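Dear colleague,

I am passing on the structure we spoke about, and below it you will find my notes on what turned up when I went through it. Please read them with the structure open beside you.

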Amino acid sequence: MSELRFMTAGESHGPRLTAILEGLPAGLRLEREDIDRDLARRQQGYGRGGRMKIETDKVEVLSGVRFNETLGGPITLQVINKDFANWNGRMAAFGEPEGASVTAARPGHADLTGVMKYDRQDVRDILERSSARETTMRVAVGAVCKAFLRELGIEVVSHVTTLGGIDVDMSKIDRSKIGEDIGSELNCYDADAEQQMKQRIDEAKAAGDTLGGIFEVIVKGLPMGLGSHIQWDRRLDARLSAAMMSIQAIKGVEIGAGFDCGRLPGSEIHDEIFVDEAGKVYRRTNRAGGLEGGMTNGEEVVLRAAMKPIPTLMTPLKSIDIKSREAVLACKERSDTCAVSAASVVGEAMVAFVIAQAICEKFGSDALADVKAAMQAYKERLAKDWWLHA
């Protein structure tokens with residue numbers, strides 16, 4: 001059994017982006033349209049920039065799949081960057097670069113630290129790889145993992161809860177509907193809040209500014225017991241948090257009640273445990289966000305991530321020139337005013353990968369039929385009167 005893992009490669013304006021996903025079971029049926037649908041969702045959203053009008057991301061599958069079915073080997077996914085045709089003189093692998101180098105570092109980006117760490121003289125050597133364009137391949141990988149999870153009755157969905165200081169009214173939202181296509185341009189399920197968010201985006205764009213926000217990822221249908229309390233690096237809450245924090249511009253993650261846990265007494269935080277007439281264990285609240293002791297507890301897993309405003313401002317911030325060390329205004333790259341809705345799709349992808357990884361660790365990863373059988377046997381054991389045999 002191999003560990004489920006993936007790696008991405010490519011630059012924002014390079015010829016293509018690539019991902020290799022290894023360790024997924026054989027026998028999973030894949031549809032290209034499912035991957036392309038999530039790629040399109042990542043590109044959409046009110047406040048996105050001009051790059052999204054150039055690119056129409058479509059996946060190419062180069063290995064690991066034959067006639068819509070996974071083979072058990074590494075799956076190679078690829079997306080062509082159409083904009084490379086306009087950047088060949090600046091991004092070609094060989095020859096001499098055309099045009100001036102970028103030397104005005106942007107506050108809040110990897111620019112300054114990257115050029116110093118890797119001993120580069122052109123900020124483009126850093127910004128091309130640190131760009132959130134890389135998340136294209138994370139979404140492609142996540143779409144494959146979501147197809148795997150759906151086969152097991154598990155669903156991963158997301159929605160935007162805050163944008164530019166505008167909060168959704170959670171009392172208006174039917175949480176069972178999250179994940180359904182409601183035609184929202186911001187992946188927001190509160191229509192009134194969405195209109196206010198759009199207005200805030202328009203104001204920020206006019207001012208040459210950018211906006212951040214918060215999104216929530218929900219995992220439905222999980223069995224109890226994924227992850228482990230045994231070692232720090234096997235705790236599922238830690239792994240999910242790390243995956244969310246790895247997304248560009250994410251600066252905070254909370255699970256369940258999150259930071260409210262530090263403000264309220266235990267009587268208002270911990271989820272009391274009950275048994276129904278059929279002997280099934282359940283909770284009336286889910287402040288733990290579906291995770292206790294580093295393991296899933298059978299409730300929905302709920303995570304939220306805070307995305308900072310994008311560092312590329314059309315009204316640039318003060319910075320320095322990396323060569324002259326003189327004061328300058330930060331460089332301007334074509335960018336978005338707001339990309340929180342896109343980040344929510346990336347969040348889905350990263351959560352789906354970590355959950356799929358935990359599933360494979362517990363139930364195997366060679367053949368889908370074996371995974372299903374092992375998971376069903378485990379659920380049947382949990383459904384028995386286990387406390388009578390303790």
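Throughout these notes, buried means under 20% relative accessible area, exposed means over 50%, and partly exposed lies in between (1.4 Å probe, protein chains only). This is a predicted model, in which local features need pLDDT of at least 70 and side-chain atom pairs count only at pLDDT 80 or more, while totals for chains, interfaces and linings use all residues. Residues are numbered from 1 along each chain as its sequence is written, and side-chain values use heavy atoms, with hydrogens and water left out.

The annotated site

The UniProt annotation "binding site", from an unreviewed entry, covers Arg42 and Arg48; UniProt positions are given in the numbering used here, feature names are shortened, and annotations may be inferred rather than shown by experiment. Arg42 sits in helix α1, residues 32-43, where helices (H or I, at least four residues) and strands (E, at least two) are DSSP runs numbered from the N terminus. Arg42 counts as buried because its relative accessibility is 4%. Arg48 belongs to the loop between α1 and α2 (51-54), and with 16% relative accessibility Arg48 is buried as well. Leaving aside residues up to four places away in sequence, Arg48 is in contact (heavy atoms within 4.5 Å) with Arg42, Gln43, Asp336, Cys338, Ala339 and Ala342.

Thr337 is found in the loop between β17 (327-329) and α9 (340-363), and it is buried at 11% relative accessibility. With residues up to four places away in sequence again left out, Thr337 touches Gly47, Ile201, Ala204, Lys205, Asp209, Thr210 and Leu211.

Salt bridges

Side chains of opposite charge can pair when their charged atoms come close. With a salt bridge taken as a side-chain nitrogen of Lys or Arg within 4 Å of a carboxyl oxygen of Asp or Glu, a search of the whole structure finds 27 of them.

One of these joins Lys198 to Glu185, whose closest N and O atoms are 2.6 Å apart. This pair links distant parts of the chain, with Lys198 in helix α7 (residues 191-206) and Glu185 in the loop between β8 (166-167) and α7, 13 residues apart. Lys198 is buried, its relative accessible area being 14%, whereas Glu185 is partly exposed at 40% relative accessibility.

Arg304 and Glu254 also meet in a salt bridge through their side chains, at 2.8 Å from N to O. Arg304 lies in strand β15 (residues 301-307) and Glu254 in strand β10, so this pair ties together parts that are 50 residues apart in sequence. Arg304 is buried, with a relative accessible area of 16%.

A further salt bridge is formed by Asp260 and Arg263, with 2.9 Å between the closest N and O atoms. Here Asp260 is partly exposed, with a relative accessible area of 37%, and Arg263 counts as exposed because its relative accessibility is 61%. Elsewhere, salt bridges that share partners join Asp38, Arg41, Lys146 and Glu348 into one network.

Cys188 is in no disulfide, and the nearest cysteine sulfur, that of Cys338, is 11 Å away. Cys188 is buried, with a relative accessible area of 2%, and Cys331 is buried too, at 13%.

Backbone angles

Most residues other than glycine have a negative phi, and most peptide bonds are trans. Phe67, although not a glycine, has a positive phi of about 50°; Phe67 lies in the loop between β4 (65-66) and β5 (69-70) and counts as exposed, at 68% relative accessibility. Ala249 has a positive phi near 80°, and its place is in the loop between α8 (236-245) and β10 (250-255). Where Phe67 is exposed, Ala249 counts as buried, with 18% relative accessibility.

Methods:
A disulfide is a pair of cysteine sulfur atoms within 2.5 Å.
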